[in-house]
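Me: Got a two-chain model here that I'd like to talk through. Can we take the contact between the chains, then a single residue?

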Amino acid sequence: MNRTYELMFIVRPDMTEEDQDKLISTLETAVTSSGGQVKNMEKMGKRRLAYTVRKFHDGMYMLLTFEGGGGLVHELERRLRVSEPVIKFLSVRIDEEQKRLAKVKALRDSKRKVPPATPTAEAAGEAPAVTA
Amino acid sequence: MADETRPTSTSSAPDGHSGERRPPRSGPGGGREGGPGGRKYFRRKKVCKFCVEKIDSINYKDVRLLAPFVAESGKIVPRRLSGVCTPHQRRLSLAIKQARNIALLPFAGRAA
């Protein structure tokens, strides 16, 4: 039972590059060691925070996408909570949303091929115009 | 409620500034010029931006998309002002709340 999660976290802006890489690698090993799989790791760069967090106005945003169970999320959150340079984090389950998007996309594509199909829901009026 | 300035109309304003986020003048704060009764004015039918532009995913990371639906005060713009349909408003509010949590959007007031 693998689910896809997205873990966004913010580290303090004065954290050095190598410290960031070290933190990232520990998180990635934590994922793989508990049977998960890292899908993507992205540094989103420095960004202004919408409100002050621990007296910081800026933060380095990071985004980790991985597959795994709920226990893994728990473990990662625990790690982030105890690691001092991390000032905020948010984990979101994304597989269901992805499934829904794929479904909508498939529906759209099938409509595009057959324009006079029963027009339903939101794409109703626009569907024939796309093919024309 | 003769509030004609929908967030959808202002959202296309080019905002190529990454450092300082400055949401376009959104619905509720702006056009409040409805006269007494308000019935004399022509009111355009409000449409759901997400239905019209066929935006499927409302993601908390997409601040550019969410910003027009957050008022100056930081509040989520109600459906009756923004014209967003119920299913989309539900997902929109979820995304805004997630974005607030990770400091992409403010809880209250302008983005500091």
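This is a predicted model: local features need pLDDT of at least 70, side-chain atom pairs count only at pLDDT 80 or more; totals for chains, interfaces and linings use all residues.

Me: How much area is buried between chain B and chain A?

Reply: The contact draws 24 residues from chain B and 24 residues from chain A. Carbon and sulfur atoms give 55% of the buried area. The total comes to about 2,100 Å².

Me: Which residue of chain B forms a salt bridge with R108(A)?

Reply: Between chain B and chain A the count is 2 salt bridges. In the one formed by R108(A), the closest N and O atoms sit 3.2 Å apart, and the cut-off is 4 Å, so the pair qualifies. The partner is D56(B).

Me: Which element gives the most to the side of chain B that touches chain A?

Reply: There are 10 residue pairs in polar contact between chain B and chain A, both residues at pLDDT 80 or more. On the chain B side, the top contributor puts in 5 residues. That side splits into 12 nonpolar, 5 polar and 7 charged residues.

Me: Is G45(A) buried, partly exposed or exposed?

Reply: G45(A) has 22% relative accessibility.

Me: How far apart in space are G45(A) and Y61(A), C-alpha to C-alpha?

Reply: G45(A) lies in strand β2 (residues 37-53) of chain A and touches G59(A), M60(A) and Y61(A). G45(A) and Y61(A) are 16 residues apart in sequence. C-alpha to C-alpha, their separation in space is 5.6 Å.

Notes
Residues are numbered from 1 along each chain as its sequence is written. Chains are lettered from A and ligands numbered from 1 in the order in which they are written. Side-chain values use heavy atoms; hydrogens and water are left out. Contact means heavy atoms within 4.5 Å. Buried area is the accessible area (1.4 Å probe) that two parts lose on being put together, summed over both. A salt bridge is a side-chain nitrogen of Lys or Arg within 4 Å of a carboxyl oxygen of Asp or Glu. A polar contact is a pair of N or O atoms within 3.5 Å; within protein, one must be able to donate a hydrogen and the other to accept it, and residues adjacent in sequence count only if both atoms are side-chain atoms. Helices (H or I, at least four residues) and strands (E, at least two) are DSSP runs, numbered from the N terminus. Ala, Val, Leu, Ile, Met, Phe, Trp, Tyr, Cys and Pro count as nonpolar, Asp, Glu, Lys and Arg as charged, and the others, Gly among them, as polar. Buried means under 20% relative accessible area, exposed over 50%, partly exposed in between (1.4 Å probe, protein chains only). Lists of a residue's contacts leave out its neighbours within four places in sequence.
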